[in-house]
Amino acid sequence: MIIVIIGAQWGDEGKGKVVDLLADRFDIVSRYQGGHNAGHSVYVGDRAFVLRLLPSGIIHPDKTCVLGNGMVIDPKAFFEEVDQIAQQGIDVTPERLKVSSRAHLIMPYHRALDHTSEERLGNEKIGTTLRGIGPAYEDKAGRRGIRVADALSPDILKLRVERNLEEANRIIALFGNQPLRADEILEEITPLIERLRPFVAETSHFLSEAKKAGKKILLEGAQATLLDVDHGTYPYVTSSNPTAGGASVGAGIPPHHITGVLGIVRTYATRVGEGPFPTEMLDEEESMANLIRERGNEYGSVTRRPRRCGWFDAVATRYAAELNGFDSIALTKLDVLDALEEIKVCIGYEIAGERVDTFPAVSYDLSQIKPVYETLAGWQSNTVGVTQFDKLPELAQKYVRFLSDQIGVEIGLISTGPERDQTVILKDSVMEGWFSE
Ligand code: GDP
Ligand code: IMO
Ligand code: MG
């Protein structure tokens with residue numbers, strides 16, 4: 001069994017919580033794209049973890065974790081996280097953590113280029129996490145990137161760093177920033193690469209053998225559908241493919257080996273950074289945005305940036321369901337809406353006076369989109385920690401059913417709090433099947 005977990009909105013849907021919950025039923029958890037731009041929070045009792053590069057399965061001591069070929073890996077960030085997790089009592093050994101020899105490395109000049117590029121864009125900036133993600137993927141597509149396997153040969157590493165830095169420094173200096181020095185980079189990176197060496201593996205072969213042996217594999221998407229470089233709100237996207245097709249490429253497994261796709265959907269929407277967000281709560285809805293931000297703790301888990309908040313957007317989520325082929329949906333953060341008297345759901349768009357029910361490829365012109373809302377009554381009672389669907393207030397059940405009808409996909413899991421056991425698994429759902437298999 002291979003199941004992919006994918007964010008359906010603009011990220012931070014609660015993928016970490018759901019992966020952690022499901023990991024118990026799986027043998028291997030693998031990331032397939034992105035890098036430490038992700039921030040997946042997991043709460044276990046009184047311990048809080050924020051996973052950036054490492055799969056959320058890492059906190060289960062008996063699970064093997066994989067960093068797939070589609071990822072971009074900053075060796076410094078990698079070991080900071082490994083050491084941080086070790087301090088929290090989690091042992092991370094090469095036996096249970098495999099890093100793809102084909103993954104690309106994020107180098108210090110990628111971080112510098114990310115800064116330079118954002119400064120240069122000024123008002124049109126993407127609002128990236130400044131982790132060097134975009135520039136590392138640019139080098140990959142430009143066929144000058146440094147893969148983990150290349151870095152294991154000191155001579156090749158030196159050659160590539162010197163060559164790539166020459167070009168990077170020209171851009172960095174052109175915009176008045178401090179050029180970097182190859183010897184300093186090599187001095188910093190070389191011991192990290194040596195420490196990385198035992199973790200390096202042929203991960204797609206490893207996953208293939210694991211599948212043959214009947215092991216269950218969970219593929220953990222980072223970022224989300226609307227941040228996908230092909231399908232998201234380009235150019236306000238990340239530089240990888242979080243969508244289901246990306247899971248096959250980025251983990252190095254055949255597409256038909258994937259047994260199911262689980263979409264993670266919040267009961268409302270958020271976005272960090274710049275870019276179109278049709279249902280954003282602005283102006284007179286600002287106090288609603290503040291309420292949700294506080295109740296939902298909507299601050300970036302990596303950057304602590306306040307997340308922009310908006311109403312649930314069924315047009316965008318239907319689009320995500322169609323692109324990824326969601327078999328089931330995990331609906332998170334139901335409890336955050338407990339206090340609301342009324343809840344709006346965007347069921348369509350109006351563009352230039354015309355009703356549109358599909359997600360259009362617009363970027364700058366999103367101001368032309370007028371969401372068409374349906375307003376539902378709020379339940380105004382406490383759902384925190386509820387574990388059975390029929391124990392939810394009638395109006396909350398109605399809201400969940402309404403979202404499922406709007407998306408056209410079953411909701412198989414409802415999350416009623418950040419903790420593992422604050423979860424409803426819907427009886428007879430596809431999700432329940434995966435859970436009990
Ligand atoms: P991810 O990037 O998709 O893994 O999501 P993040 O971890 O960045 O953000 C989701 C936040 O919501 C985290 O702080 C989670 O602990 C929290 N969370 C997840 N599910 C629920 C829920 O059902 N209710 C509440 N109140 N918080 C939740
Ligand atoms: P998780 O996995 C939310 C956003 C950034 C920016 C854009 C590009 O926790 O859901 P990048 O640094 O990737 O080049 O930035 O993508 N972004 C995220 N937003 N959650 C994430 O990850 C994100 N990762 C990147 O804010 O708008
Ligand atoms: Mg996050």
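I began with H40: its side chain makes a polar contact with the side chain of E220, at 2.6 Å. I count a polar contact as a pair of N or O atoms within 3.5 Å; within protein, one must be able to donate a hydrogen and the other to accept it, and residues adjacent in sequence count only if both atoms are side-chain atoms.

A note on the source: this is a predicted model, in which local features need pLDDT of at least 70, side-chain atom pairs count only at pLDDT 80 or more, and totals for chains, interfaces and linings use all residues. Residues are numbered from 1 along each chain as its sequence is written, chains are lettered from A and ligands numbered from 1 in the order in which they are written, and side-chain values use heavy atoms, with hydrogens and water left out.

I placed H40 in strand β3, residues 40-44. Helices (H or I, at least four residues) and strands (E, at least two) are DSSP runs, numbered from the N terminus. Is H40 buried or exposed? H40 is buried, at 4% relative accessible area. Buried means under 20%, exposed over 50%, partly exposed in between (1.4 Å probe, protein chains only). I then listed its contacts (heavy atoms within 4.5 Å). Leaving aside neighbours within four places in sequence, the partners of H40 include K15, F49, E220 and S301.

Next I turned to ligand 2. Which residues are closest to ligand 2? They are K15, H40, T129, Q223 and T238, out of 20 that surround it. Here near means a heavy atom within 4 Å. The shell divides into seven nonpolar, 10 polar and three charged residues. Ala, Val, Leu, Ile, Met, Phe, Trp, Tyr, Cys and Pro count as nonpolar, Asp, Glu, Lys and Arg as charged, and the others, Gly among them, as polar.

I looked up oxygen atoms of ligand 2. One is 2.7 Å from a side-chain N or O atom of K15. A polar side-chain atom of T238 lies 2.6 Å from an oxygen atom of the ligand. V272 brings a polar backbone atom to 3.1 Å from a ligand oxygen. Taken alone, ligand 2 exposes 540 Å², and the protein buries 97% of that. Areas come from the Shrake-Rupley method with a 1.4 Å probe.

Last, I checked the backbone. A cis peptide bond joins Y234 and P235, with omega about 5°. P235 lies in the loop between β10 (217-220) and α9 (244-251). D283 is not a glycine, yet has a positive phi of about 50°. D283 is exposed, at 60% relative accessible area.
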